[in-house]
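Please look over the chain below before reading the notes. They are arranged by topic and can be checked against the structure one at a time.

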Amino acid sequence: MVNVYETDILRKKRTLQLPADCPNTQIGNVCFTHDSRGVAVLSVEPDAFLSIFSFDKNESLIIGRASNSSQQGQAVYLSCNPNDATIVAVGGYYMLKIMNRTDKGFGQIGTIKGDDLLITSMTWLSSDVLAAGTAETEIIFVESGELKIRQRADMIETVDLSGEGDTDLGATTSAEVVGLKHEVLCLTQFAKGFLYAIHNVVHVFERESNYNFRKKSVIRVPVTLYEEKQYKIMNVAVNEEQDTIVVATMHSQLYIGMLIVPETLKISELVFQNLGEPLHISGIIGMAVCSWKPIVMTASRDLTIRVWNYETMKVELVKKYQIEIGVIALHPSGFFAAVGFIDLLRLLQIQLDDLKETKSFNLASCTQLQFSNQGHLLAAAHGKMITLICIFTFEAVQTLKGHNGSILSLAWSTDDAVLVSGGNDGAIYKWNVVTGERLEEVVQKGIQYRSIALTSDAHSVYSITNTGLIREVAKSDIAREFKIPELTPLTDMALARSDAILFVGSIKGHLYNVQVPLVDTSSGNCTNFRFFNTKVTKICITYDDCTLITAADDGTLIIWRILNNEGKTARHAPELGKCSDVLIARQELIEKNESINTLEMRIQQQSMEFQYKMKQGDAFHSEQMRDIHKDYCAAIENLKKKNIEMEQAHTEEFNLITASIAQGKEDHQKEMMDFEAQFHEKIIMEYDKLTSMKNKMDAMREEYEVKLRRSAGCLQDTIESMEADQKRLLNEKQEIIENMLKDMDRKRAEFDEYCRQVDVDNDRHKVELQLQYEKKLQEEEENSIKWRGEAGVLKKKFSTLSREAEAYRKEIETMQAQHGKFQQSIRQHQREN
């Protein structure tokens, strides 16, 4: 399943599960879509499936097969398109596909399959360009599903995606000369470009255009303590401002560096710096605290010894050895340490930046080391016996024998008169340090006493076992016993000097705070602090009973502040824990003093050289000032001439514009008058036509009336025939007259319509002409205003340049005055010398 959390409130938003029809429901890779409204999930091989979960209301799901067990390729990596949530790139071993959503699930875009590629990382540079790194130190660029460019990642300087590109690997033959091939990892795209890592080196490319990139930075993780393979970069992150990069290496260390080198810094390669303190890369097997100083010493299976300051949270010293370290012990003063190697026991001085051997003892494979509280004795457990060594004489003052197995723990009494030991033989012995006799003993076979602690009055001994029991032993008998929940095997314990605080650690990573003094199991209680992923190897409480320090088998070191400890701390001198003195060798101190003297002499020489250079610089600057002043004056004169020429040109252009506007107005007036004359002529012609038609009608009417008067004088006998003829003619004439009247009405209507249309056309033409000339007038006025504004801007620029020239002149006068003062001061110093 996949749990999705909201980063603002750190609360789980939803839980996603792969469908039941997936052959393998184990998650291989997860990637958010570009809008964070969905997540793409890739299951592991064989038969890897690709699923895209959407966070919308419908909670839609797209699922499809990413690989096939019958084919060679294996899907491992996943990258979502920056613009389209349904397009996903899938890559891995002998496989590279760009897949998009289809009706049946997912389909492939383009023809690239990556049958000959071992993909190790990939990222989208744009919505259609994908960059992928391979295990052969190659980087390939794919555009729209087609191979665009394929080049050596450690030799490339520029990337040009605008052309056709060269898909051949041109640097293949030179790879054998350069060295071993490395994987191209952590391909990451950001707004200014992209980057990738090759082993312990990050190559950063800056975007010059949409399809062009240029290498700007090469950032290297320095190889210091461990093998070079441990510094392989495994993850990369770029901050939001895109000026800082953080990387994580194989040995679980964070490094920080500048992302892009500024142009002012002429540096070809940058170096990462540790982010935080350098950590152990393997389990911590030994730990000891100091009572005089706020320091703790740790030893790890990575063959390093480190000194930590638990107040400043800094590493003060790191020393790497070539042989295996077994156990360590820290002197109460913090100036010495005892380290048990597999061959010898060595007493070391803790100097400023080194651990220097003082004395070695032929005690091989020590299992426990413990300095006495006053620091004059060292108890070293080796084999089945304990040797007490005097720190001042380096002599073995006592040898304690009695155990039948390895000794796993030692504890001194407050007055250093009693030493308690516990081993894997099930025995706890209390020894008299002076006489070497055994005072008390408890033996229970089959039990391993992995750690013991002695109370301040030396009356009781607390011990832990491999069976999950905490026992209190007093007077050679088990007085009390407490069972840890689930009886988890315990690894180490720490008891405060006040005997009121007890912490124990388990093999499962549990840290228990146990109530002391112990009570019976039924009523006792303990608090479990679940923090570690692996077993707790070492636990220590500082001298002031206020700080708890724990170490784990994965190299984790945690410093805890003990709260609510009022009344549970022992009395101690306030000076303890505040010492800041360190040891330094006399020869080293002499060398440092000589180095300081040499540096002081060099500083004096450089000061004299600087004064001489200042004198030469003053003379040179004076000449430069004169030249600059001369050039500046010439530039001012040229600007004045240009300004006058521009004003003249502006005046001429303004006059031309004014003349063109006047000419335009005159032409417009003439066109309007011509148009009105033509319109009046057309109206007169139409009126003449109407008058002629009226005259014709009047003539016809008069002619008809004449004919009627003539017919009245005819004979009576022809009246009837004439009447009939006249009636017929009258009817015909009436029809003709009616037709003529209708024709006249029709023509009058046509004439009226023609006049109206002419009026409309004339009005529209007049409006168009008026708008056209108004637009021309407005453009001319705008041009005039524009030229006037530009003239004002030029005047302002001229006034600004004049003021700047005046300011420069005053500044030159001030600098000349200061130069004179400096010259007087120099001459005065020369007279004094």
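The notes below cover one histidine, several salt bridges, a lysine, a surface patch and a record annotation. The model is predicted. The structure holds 31 salt bridges, and some of them are described here.

- H280 lies in the loop between β24 (273-274) and β25 (284-289).
- Is H280 buried or exposed? H280 is buried, because its relative accessibility is 4% and the cut-off for buried is under 20%.
- The side chain of H280 makes a polar contact of 2.8 Å with the side chain of T298.
- A polar contact of 3.3 Å also links the side chains of H280 and R306.
- Apart from neighbours within four places in sequence, the residues in contact with H280 are T298, S300, D302, T304, R306, W308 and G555.

**Salt bridge between R150 and D116**

- R150 and D116 form a salt bridge, and their closest N and O atoms are 3.5 Å apart.
- This pair links distant parts of the chain, 34 residues apart: R150 is in strand β14 (residues 146-152), while D116 is in the loop between β10 (105-108) and β11 (119-124).
- R150 counts as buried because its relative accessibility is 17%, whereas D116 counts as exposed because its value is 54%.

**Salt bridge between R346 and E357**

- In the salt bridge of R346 with E357, the closest N and O atoms are 3.2 Å apart.
- The two residues are 11 residues apart and link distant parts of the chain, with R346 in strand β31 and E357 in strand β32.
- R346 has a relative accessible area of 16%, so R346 is buried.
- E357 has a relative accessibility of 41%, so E357 counts as partly exposed.

- The side chains of K430 and E440 form a salt bridge with an N to O distance of 3.5 Å.
- K430 sits in strand β39 (residues 427-432) and E440 in strand β40 (residues 438-443); the pair links distant parts of the chain, 10 residues apart.
- K430 counts as buried because its relative accessibility is 6%.

**K359 in strand β32**

- K359 is in strand β32, and K359 is partly exposed because its relative accessible area is 33%.
- Which residues does K359 touch, not counting those up to four places away in sequence? K359 touches L345, R346, L347 and F394.
- One of these, R346, is also the salt-bridge partner of E357.
- K359 and R306 are 53 residues apart along the chain, and their C-alpha atoms are separated by 20 Å.

**A nonpolar surface patch**

- L352, I584 and L589 make a nonpolar surface patch of about 240 Å².
- L352 is located in the loop between β31 (345-350) and β32 (355-361).
- L352 is partly exposed because its relative accessible area is 44%.

**Coiled-coil annotation**

- An unreviewed UniProt entry gives the feature "coiled-coil region" at residues 690-757 and 798-832.
- In the model, residues 798-832 are 100% helix and 0% strand.
- The end C-alpha atoms of residues 798-832 are 51 Å apart.

Key
Residues numbered from 1 in each chain as written. Predicted model: local features only at pLDDT ≥ 70, side-chain atom pairs only at ≥ 80, totals over all residues. Heavy atoms only, no water. Helix = DSSP H or I, 4+ residues; strand = E, 2+ residues; numbered from the N terminus. Buried < 20%, exposed > 50% of the residue type's maximum accessible area, 1.4 Å probe, protein only. Polar contact = N/O pair within 3.5 Å; in protein donor to acceptor, adjacent residues only side chain to side chain. Contact = heavy atoms within 4.5 Å. UniProt positions renumbered as here; feature names shortened; annotations may be inferred. Patch = residues over 30% accessible without salt bridge, like charges linked within 9 Å, V, L, I, M, F, W, Y side chains within 5 Å. Areas by Shrake-Rupley, 256 points an atom, 1.4 Å probe, with all protein chains shown as cover. Salt bridge = Lys/Arg side-chain N within 4 Å of Asp/Glu carboxyl O.
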